[in-house]
Amino acid sequence: MLACDVCGQPLPAEAEGRYPQRTHPDRRPRCPLCAAAAPGCDELRRQVEAIPQEPGPAGPECPLCGEAAGRELEAHVRARHGHLLGAPGTDMENVEQLYECPMCSLTCTNIQILQEHVDLHLEEQSFSEGGNIRDLELAQQLQMEEDKQQRSEEEKREREEFKKLQRQYGLDNSGGYKQQFLKNMEREVDRGRMQPFEYHKRKADMMECLAFGVDDGRTKTSGVIEALCKYYQNENKDVRHVWLSTGVDHFHSSLGDRGWGCGYRNFQMLLSSLLQNSLYNDCLKDTTLIPSIPKIQSMIEDAWREGFDPHGASHFNNRLHGSKAWIGASEIYSLLTSLRIKCQIIDFHKPTGPMGTHPRLFEWVLHYYSTDNEGGAKVVCTSKPPIYLQHQGHSRIIVGIEERKNKTLCLLLFDPGCPSQEMQKLLKQNSDGTGLKLLQKFVGSLKKKQYQIVAVDGVLSLEEKAARCHASQVLTSEKIP
């Protein structure tokens, strides 16, 4: 016999299977108030309606949920628990069981529908999680590919920059003075600027000079210092004093070293002055003529082999000859010291004046020239050798300094980038001084971050040379604070 699971009253046989979730284990509907069994749902409803409403302290309580219902117990049961009684005017068999989805709260009327609905949730979640994993893997893969491409581009850019620096500093194994000289002459012939017979003549002259290791003298301009001495004595009214180095020949770059040979040309200028000073005759007894650039490269390599500046030598892989490698103050120092010529490097490593200027550099040069040469003469042709001046990307030679009536200082520089045609204008007796602007550099004209100078000051003994060779392996530069 089927009974109500709420009130225990027996149910008719046709009620079986309609509401399986609402029946007692003995399958009979029971009254939710008194637990009495009812033969059917209509009888169960009438039984609930006939129950007297006895108010308690807070009014009658619902026997199903325990909530105080007051005098409206019947209405409360119908409103809150109507699924047990059925809606007014309907039978229990017409009331549908509702199932709520635990994931989205959607109400379903069938347990199978609910199961299918929940399965869809689980499949969607699984797909989403799998999609997230695949998306993450794809993002990681794309990032790795992007990083790889970026590294590849950076490495390519670094290689190009390195090759550019190698070409700039002559370390790209593209040949040296000889190869560039021939290549540039061939280009001049192709452009119609040089006749074939001149090409062959100059090639033969170059090969002969290289064989003897001497400069061909084609870029040399002599007599400029003497012309300057006469000009300052007779013409210039703004200068109070001027000090000039011993006669210095000017050398400028040629077809064979254009773009990289300034350091070598400056050494030639410095050497031209030393060769005219008897104090250095013993040091230069094996160097009576101005050496060619390839010969200077070999001389620097000889200094390295003696032990001078091993760090600098390693930068060039201990090889200069046959290359277009730039040289600087350290290589000039090593070469001069190997010849027993006393010199020092002074490093002006930061500006000492307003707007990035270097007034202390000018003061040092003035002290160098004026020491032992003080007096009332306006023009002083000293025995001081010129000063090698280096900065980033270029080097020049200081051949003198002006002290103006307004106390300002002005350096006089020989620049290897200045062609001989311009330098020769200074040799004219009727010069009005306009050509002098090529040489003059005031304090406001030198604004590089750092400058180095190499200054010659006498001769070294063999012991002093050995000591300096050892010292150069540690430190070759004195810094001005």
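Leaving aside its neighbours within four places in sequence, which residues is His-394 in contact with? In this predicted model, the partners are Cys-262, Leu-389, Asp-415 and Pro-416. His-394 itself is found in strand S9, which covers residues 394-404. Take Pro-416 from that list of contacts: it comes 22 residues away from His-394 along the chain, with 9.5 Å separating the two C-alpha atoms.

Now for helix H10, residues 329-338. This one is mostly covered, with nine of its ten residues buried. The buried set runs to Ala-329, Glu-331, Ile-332, Tyr-333, Ser-334, Leu-335, Leu-336, Thr-337 and Ser-338. So what do the buried residues of H10 pack against? Both helices and strands, as listed here:

| Element packed against by H10 | Residues |
|---|---|
| Helix H7 | 262-274 |
| Helix H8 | 293-306 |
| Strand S6 | 341-348 |
| Strand S8 | 387-391 |
| Strand S12 | 451-459 |
| Helix H13 | 462-472 |

Is Glu-153 buried or partly exposed? Its relative accessible area is 43%, so Glu-153 counts as partly exposed.

Technical notes: Residues are numbered from 1 along each chain as its sequence is written. This is a predicted model: local features need pLDDT of at least 70, side-chain atom pairs count only at pLDDT 80 or more; totals for chains, interfaces and linings use all residues. Side-chain values use heavy atoms; hydrogens and water are left out. Buried means under 20% relative accessible area, exposed over 50%, partly exposed in between (1.4 Å probe, protein chains only). Helices (H or I, at least four residues) and strands (E, at least two) are DSSP runs, numbered from the N terminus. Contact means heavy atoms within 4.5 Å.
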